[in-house]
Amino acid sequence: MKILHIETSSKNCSVAISDQDNLLCVCEEVSENYKQSESLHTFIEWALEGADISLKDLDAVCLGKGPGSYTGLRIGASSAKGFCFGLEIPLLAINSLDGMTQPFIDKGFDYIIPLIDARRMEVYTACYDGKTGSELKTTEALVLDENSFQDYADKKIIFVGDGATKAKEILQLPNAVYDDTVYPSAKFLVNKAVEKYNHKQFEDVAYFEPFYLKDFY
């Protein structure tokens, strides 16, 4: 089961190839200029070359569906749908916040809270169980203030993502850890993609839309 993974919801333009649970190759770059339109197809070519496979060997395409950058999501979704149509293979879609939790599951935290930076003090966020990675609070757009996440004040939390920078400035949570170096990445999609593929949880390629969460203005 060889899957092409595409994640373009943030400043990180990211592509990976997997075979079952094995990550074969990843190509990614974080850029303040959101270089998805310039880099995505080059990264796909490099990843296929690095994995030593061709497009015709792919069994599915997996997309980090957002939330995140409206333009980035449009670029990633268009590419993913194009490959699925052309190769006649299924499309898988995974919440980009889900993927960000993967490196931190069962690492001693009560909760894992991804924070993707949006405008001003706003973030895209959700809450996940630190032991199992299961979603406890659904994805939302949240305006941060000093009272945010106070329900978790006595818990050990890790905030991950580029939104953690502004969270650290205003939140007063004594047991919290902040990691603003984590971005949505194609390599984080592998395990959930395999699970969805095995359960045939495919998207309707014709009607699929990214998870924008908010209207674009």
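Predicted model: local features only at pLDDT ≥ 70, side-chain atom pairs only at ≥ 80, totals over all residues.
Leaving aside neighbours within four places in sequence, which residues is Val 190 in contact with? Residues are numbered from 1 along each chain as its sequence is written, and side-chain values use heavy atoms, with hydrogens and water left out.

**View 1. Val 190 and its contacts.** Val 190 is in contact (heavy atoms within 4.5 Å) with His 5, Ser 18, Gln 20, Asp 21 and Leu 23, leaving aside its neighbours within four places in sequence. You will find Val 190 in helix H5; helices (H or I, at least four residues) and strands (E, at least two) are DSSP runs, numbered from the N terminus. Val 190 counts as buried because its relative accessibility is 4%, and buried means under 20% relative accessible area (1.4 Å probe, protein chains only).

**View 2. Helix H2, residues 70-87.** The 18 residues of H2 should span 26 Å at 1.5 Å a residue, and the end C-alpha atoms are 26 Å apart, which agrees. That expected span is 1.5 Å times one less than the number of residues. Buried residues of H2 include Gly 72, Leu 73, Phe 83 and Cys 84. The buried residues of H2 pack against strand E1 (2-7), helix H1 (36-51), strand E4 (60-64) and strand E5 (91-94).

**View 3. The largest nonpolar core.** A nonpolar core is a set of buried Ala, Val, Leu, Ile, Met, Phe, Trp, Tyr and Cys residues joined through side-chain atoms within 4.5 Å. The largest has 26 residues, and Leu 4, Ile 6, Ile 44 and Val 61 have the most contacts inside it. H1 gives the most to this core, with six residues. Not counting residues up to four places away in sequence, Val 61 touches Ile 3, Leu 4, Ile 6, Ala 80, Phe 83, Cys 84, Ile 89, Pro 90, Leu 91 and Leu 92. A second, separate core of 15 residues includes Tyr 111, Leu 144, Phe 159 and Leu 173.

Key. Buried < 20%, exposed > 50% of the residue type's maximum accessible area, 1.4 Å probe, protein only.
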